[in-house]
Structure formats: structure tokens, C-alpha cells
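Here is a short report on aromatic rings and their neighbours. Look through the structure first, then read on.

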Amino acid sequence: MADLASMDKIVALCKRRGFIFASSEIYGGLGSTYDYGHYGVLFKQNVKNEWWRAMLSERDDIVALDSAILQHPRTWEASGHLAGFTDPMVDCRTCGQRFRADHLRDLQCPHKPSKHPGEGPQCDLTEARDFNLMFETTMGPVKDSGATVYLRPETAQGIFVNFKNVLQFSRKKPPFGIAQIGKSFRNEITPGNFVFRTREFEQMEMEFFVPPDEAPQWYEHWKRARMEWYVELGLRTDHLRLREHDADELSHYSSATADVEYLFPIGWSELEGIANRGDFDLTQHADYSGEKLEYFDPQSKERYVPHVIEPAAGADRATLAFLVDAYDEEDVPGEGRTGDTPSGAQGGEQRTVLKLHPRLAPVKVAVLPLVRKDGQPEVAREILAALRGRMQTEYDEGGSIGKRYRRQDEIGTPFCVTVDHQTLEDRSVTVRERDSLAQERVAIDGLGDLLASRLAAPWRSPKLTGAS
Ligand code: ATP
């Protein structure tokens, strides 16, 4: 099926429905930072909750951490970021713009957008030079040279520097993991494509510490587990792939890395990296700090530096992938009648709908009185009160029922519960299902249990055709 989700449509929907706004928009925006509105917050939180669920609730060999964004500057010396966290940058002497030298083929010349930078007759690019992506700031009131600190460019180093603390207090032994979600900052040379590449973003990273000889098998385990996570949450399998890095792509510390890639409107792009980092990080921090960062096995009396397998994902990038994957436009039978039944079919109309996995949907249920009179709002509010403690529920009485359904479709609400005149007679309501548009009449008693069980059921994208 042709994909209808262009990046422009996604950006427009996000703004229209209050998912994501350009940051400081009233001042003209700030290069590539974004603010999440109400539905965006709920949605991204659900993505993060699902990650925590997979890392913590469904396993007992991983513990959580929330380390500081500002860390001792030696952290970044030891990790190699100060010397080597760079991207190659070129300037154009004609237009004065800067570009990432290894991304020129994906970029447009500002003077002649049909060409890539360097291809136009007027382009005059400098030689590539290394640009460090870490943001610098100053700690304390005196701005002297010793006060320079960095906004972390990844959450992982906060985990490595806490290895000893966690080992002591968690009563874990390898293989075990430390997981963290938090903000990271990179002064990207050419950010863009909405929240795909921004300068401030959230990462979901887990460092899994293993006995050295078990590293290859855990690397395989985490590649599998992370692919399954995206599939279980509904990403279409024909839009998802795992790509093993070639030897010349590998970071100096990594013996193997694979990327989970998604077919975004901009083409196949990285969603998450899974790397076998060996003992590089713990060895470096041990050297720089003077602390022993190793594990002593009391049974075998062996002392060793664990090796690390790291699945590193972006919360914003994953959220964008789920959005793109869910976006659909289709013709549907009219549901716009304001009469006394919620299901009147009146000619066709177009709808935009987010076919999100119910667990990711920002709102699970919308409760809608068909009319704003005859006691219907009161019953609808009673249902709202009963449901809202169990699932994210919204009440909406404004506008025609068709408009309200369309609005819920656009934010991906899996179920609409409609109160009508029959509800007042027999305490039944209609439940409308987002993807199939099926409506069924059910009793108010037991509605919460029914919806909870449907929300917990396995789900597959209705956009996924065939057996893939
Ligand atoms: P890329 O090659 O796209 O720059 P990377 O390989 O440098 O990414 P990692 O350092 O492996 O990325 O970070 C792990 C994850 O963090 C990425 O897979 C991505 O989901 C997310 N991420 C990295 N940089 C950004 C960014 N600038 N904006 C949004 N998400 C990002």
C-alpha cells in the first residue's frame, strides 16, 4: 500500500491536534527544538512506559537509574567524547551555511534546492573539519576555564560512572543491566526532519553487563528483543529492518553494532543502535578515576571487567516512527448525523486517523453524549468518572457527533463511548472502534472491564497487508 504519511502531513497533524509545536514559536522558533503539547506528552510517555515495561517489569535482571545531565568533565575525557565526538563539517563561502560533510547527498543547497550543497555552480565549500557536538556551559558564578561543563550527549556514560554504586546496592551480578531514560543534547550541524534529528532529545538506553565470553550471545539476544519490541507495539514489519554495520562503520570501541531501521518518509533511517561495546567504557573510567570497575565472582574467585551490550534508542524518534506508521487517510461512511442515533450513515467522507497500538494511544476512550440535553451529559459524566481512574479518558460534548469522532480519530483514540436516548432507557451505550468503525451496544455495567480487556489484547496494524 502506498504510504500517505509525508513529513509535512505529520507536522501539520501534530500542530493541529496539539502533539508537538516548534519551540519558542512566538519568537520565530529556535533551530530544531520542539515542545510537546498535551497529546504529545501522553503519547511519548506511553512509548517510554512501554520501554520501562520491557526493561523492568517483564524482567528481573535490569535496574533503573536517573543520572544527572551535568557530570564531572573527566567523564567526557574518559569516554572519548571530548576528543572524538565530532562530525565532519563544511562551510559554503558563498551562502555562509554549514553542512555535515557526510550528509551532503541528503541535503539541499539553500540557493538551488534541486541541487545538493557543493553541486551548484556558485557553491564554494571549504575542506571538511571536525566539529565537536557537545554543548558547553559554565558551572558556578565564575566563568573561568576550570568551570566548563557539558550537557551530556548521551545517557550511557551516567550509567558507566554509577556501575560500582549499582553493583553494591542492587545485589545483582553479571549478566545484569542498568536502564535509563533522559534528555541528551547534541549540537547537530544539520538537524532536521522534525523530531527525527534535534539538538535536545530523549534517549532510552540500557547497558547490559555480561561475563566476557557471554557477550556474543547477549548481543544476539538484544538485537532480537529490541526488534520484537517495535513489532509488538505495532510497527509494520515491512517498514522495519535490522542492519548490521560493516567493519568500516564501527566505532573504535565496538566489535559489532546493528541498527534497527524504520522506513520513514525520508527513507530507511536509524531508530535504535545495538552495540557490543566490549570492556571499553568500564576500563576507561577505571583508568581515569582510579576506581576499580570490575566484578569479583565469589564462586569462581575470578575478577573480571564485564563486557557491555547496549541497546540505545531515541524516545522522540520512536514516537515519530509510531506516528508515521499509524497515519492513514481513508474514505468512510458518514457518521456526521446529529440526530438521535450515533451511527447514521450519510454519504461518504474522508478521515485522517492514527491507527496506533491501543497501548500507545494518548487517550484510550472518549465519552460523548449524542446531544447536550435530555440528561445525556449527566450520564456521560458518570461514565467518565467511572473510567478515568482505570484508563486515560476524555469527555467531549462540543459539535456534531461526526466531528467529534473525526477529532478522536486524529489523535488515535481506540474507543468512543456514545450516550444516546436509549442509554436513558436501558443504561446501554454504543462502543465505536476506531479502525473498523464497528459499533456495538453494551451495558454500562461492565463497560470498564470490557474496554480494559480490549486494550490489553494483542494488536496488529490494520495497515499491514499480506503475511509480512
Ligand atoms: P545518527 O547516526 O542518526 O546521528 P547516532 O548513531 O549518533 O544517530 P546514537 O548515539 O546511537 O545515535 O544514539 C542512540 C539513539 O538516540 C539513536 O538511534 C536515535 O534514536 C537517538 N538520537 C541520536 N541523536 C539524535 C538526535 N539528534 N535527535 C533525536 N534522536 C537522536
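Predicted model: local features only at pLDDT ≥ 70, side-chain atom pairs only at ≥ 80, totals over all residues.

Which residue lies over the face of tryptophan 229? Arginine 226 does, at 4.4 Å from the ring centre. A charge sits over a ring if NZ of Lys or CZ of Arg is within 6 Å of the ring centre and within 35 degrees of the ring normal.

Numbering runs from 1 along each chain as its sequence is written, and side-chain values use heavy atoms, with hydrogens and water left out.

Now the ring pairs. The whole structure holds 17 aromatic pairs. Rings of Phe, Tyr and Trp (its six-membered ring) pair if their centres lie within 6.5 Å; planes under 30 degrees apart are stacked, over 60 edge-to-face, the rest tilted. Two of the pairs are listed here.

| Pair | Centre to centre | Angle between planes | Type |
|---|---|---|---|
| Phenylalanine 19 and tyrosine 39 | 6.0 Å | 45° | tilted |
| Tryptophan 229 and phenylalanine 322 | 6.1 Å | 70° | edge-to-face |

Tryptophan 229 lies in helix H7 (residues 215-232) and phenylalanine 322 in helix H9 (residues 315-326), so their pair ties together parts 93 residues apart in sequence. Helices (H or I, at least four residues) are DSSP runs, numbered from the N terminus. Tryptophan 229 is buried at 6% relative accessibility, and phenylalanine 322 is buried at 3%. Buried means under 20% relative accessible area (1.4 Å probe, protein chains only).

Elsewhere, ring pairs link Phe160, Phe163, Phe176 and Phe209 into a cluster.

Key
Helix = DSSP H or I, 4+ residues; strand = E, 2+ residues; numbered from the N terminus. Buried < 20%, exposed > 50% of the residue type's maximum accessible area, 1.4 Å probe, protein only.
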